[in-house]
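Work through the following exercises with the structure open beside you, and try each task before reading its solution.

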Amino acid sequence: MERHIQTLLNRVSFISITLATFTLFYLLLQTPQTCLPIHHPHQRTRTQKPTRFPSSTCDLNHRNYLSLTQKNKKLYSSKPWLSQVTSYSNFFAQLKNLNLLENSSRVLCVSAGAGHEVEALKGSGVADVIGVEVVDSAPLVSRADPHNLPFFDDVFDLGYSGHLAEALFPLRFAGELERTVRSGGVVVVVMEECGANDVNEIMGLFRKTKFVSAVNVTLIGKKMTRIIMQVDKPS
Ligand SMILES: *[C@@H]1O[C@H](CO)[C@@H](O)[C@H](O)[C@H]1NC(C)=O
Ligand SMILES: *[C@@H]1O[C@H](CO)[C@@H](O)[C@H](O)[C@H]1NC(C)=O
């Protein structure tokens, strides 16, 4: 090999080694960003947008965990929540107009989801409202199995559910509504808009109620059928 080529190659090697060494030192002196919490106590505010998804298991960056109160505050001020609650308020106002619901009524909402109807009832002045769902949503909805309600017989004046049609055991679900609502009280169920045949099928699930009415209504923007029954238990 020619001498000057040899010299050139040696130089290239030397430069490469030097560069590599410096890079290595630089990397060693750098602390990995993902492993250190960033401390800017004066800059971090509540309104800061959530930090990104952890890029590694040693990512100690602070993330804002919302407490239940904060979560609820956010939910209860959201547009969908407010509009649905308003819709339920109108729905229950109709029941008040029909003299089926009063401020003093004890009301049970079964399969109440996040509690829109509970909030609507409370907002309209009905103080004694209990909402239950398979998963609780404090403070509006408690956890209970709709097929095995943790309440004594005849303790409610009105039982409401918008989810009888989706119940795992509709007969059992209906039976529990009948059991917990007092004789003379009412059961109100709402389902996707349906005709007389479906209404009859629903009525067939209730053994201790008399049919009062079935009308088409609009609730939370959907076309629904509202069935009202009066509980009639032999004493
Ligand atoms: C029920 O309560 C609401 C809200 O407090 C009130 O505006 C309404 O007048 C009450 N209705 C009756 C019949 O007392
Ligand atoms: C609701 O409306 C649908 C469609 O117009 C109709 O077929 C059904 O009979 C109505 N149901 C009741 C209970 O009036």
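**Exercise 1.** Determine how many aromatic pairs the structure holds, and classify the pair formed by tyrosine 76 and tryptophan 81.

*Solution.* In this predicted model, the count of aromatic pairs comes to seven. For tyrosine 76 and tryptophan 81, the ring centres are 4.7 Å apart and the planes make an angle of 35°. Planes under 30 degrees apart would count as stacked and those over 60 as edge-to-face, so the remaining class, tilted, applies. As for accessibility, tyrosine 76 is partly exposed at 23%, whereas tryptophan 81 is buried at 3%.

**Exercise 2.** Work out why the pair of phenylalanine 91 and tyrosine 160 is edge-to-face, and which parts of the chain this pair ties together.

*Solution.* The ring centres of phenylalanine 91 and tyrosine 160 lie 5.7 Å apart with the planes at 65°, and because an angle over 60 degrees counts as edge-to-face, the pair falls in that class. Phenylalanine 91 belongs to helix 3 and tyrosine 160 to strand 4 (residues 156-161), so the pair links parts that are 69 residues apart in sequence. Phenylalanine 91 has a relative accessibility of 2% and counts as buried; tyrosine 160, at 1%, is buried too. Both residues belong to one aromatic cluster together with Tyr88 and Phe92.

**Exercise 3.** Identify which residues surround ligand 1, and state how much of the ligand's accessible area the protein covers.

*Solution.* Ligand 1 is surrounded by Asn103, Ser124 and Gly125. The protein covers 24% of the 360 Å² of accessible area that ligand 1 has on its own. At asparagine 103, a side-chain N or O atom lies 2.4 Å from an oxygen atom of ligand 1.

Technical notes. Residues are numbered from 1 along each chain as its sequence is written. Chains are lettered from A and ligands numbered from 1 in the order in which they are written. This is a predicted model: local features need pLDDT of at least 70, side-chain atom pairs count only at pLDDT 80 or more; totals for chains, interfaces and linings use all residues. Side-chain values use heavy atoms; hydrogens and water are left out. A residue is near a molecule or strand if one of its heavy atoms lies within 4 Å of it. A polar contact is a pair of N or O atoms within 3.5 Å; within protein, one must be able to donate a hydrogen and the other to accept it, and residues adjacent in sequence count only if both atoms are side-chain atoms. Accessible areas come from the Shrake-Rupley method with a 1.4 Å probe; for residues, only the protein chains shown count as cover. Rings of Phe, Tyr and Trp (its six-membered ring) pair if their centres lie within 6.5 Å; planes under 30 degrees apart count as stacked, over 60 as edge-to-face and the rest as tilted. Buried means under 20% relative accessible area, exposed over 50%, partly exposed in between (1.4 Å probe, protein chains only). Helices (H or I, at least four residues) and strands (E, at least two) are DSSP runs, numbered from the N terminus.
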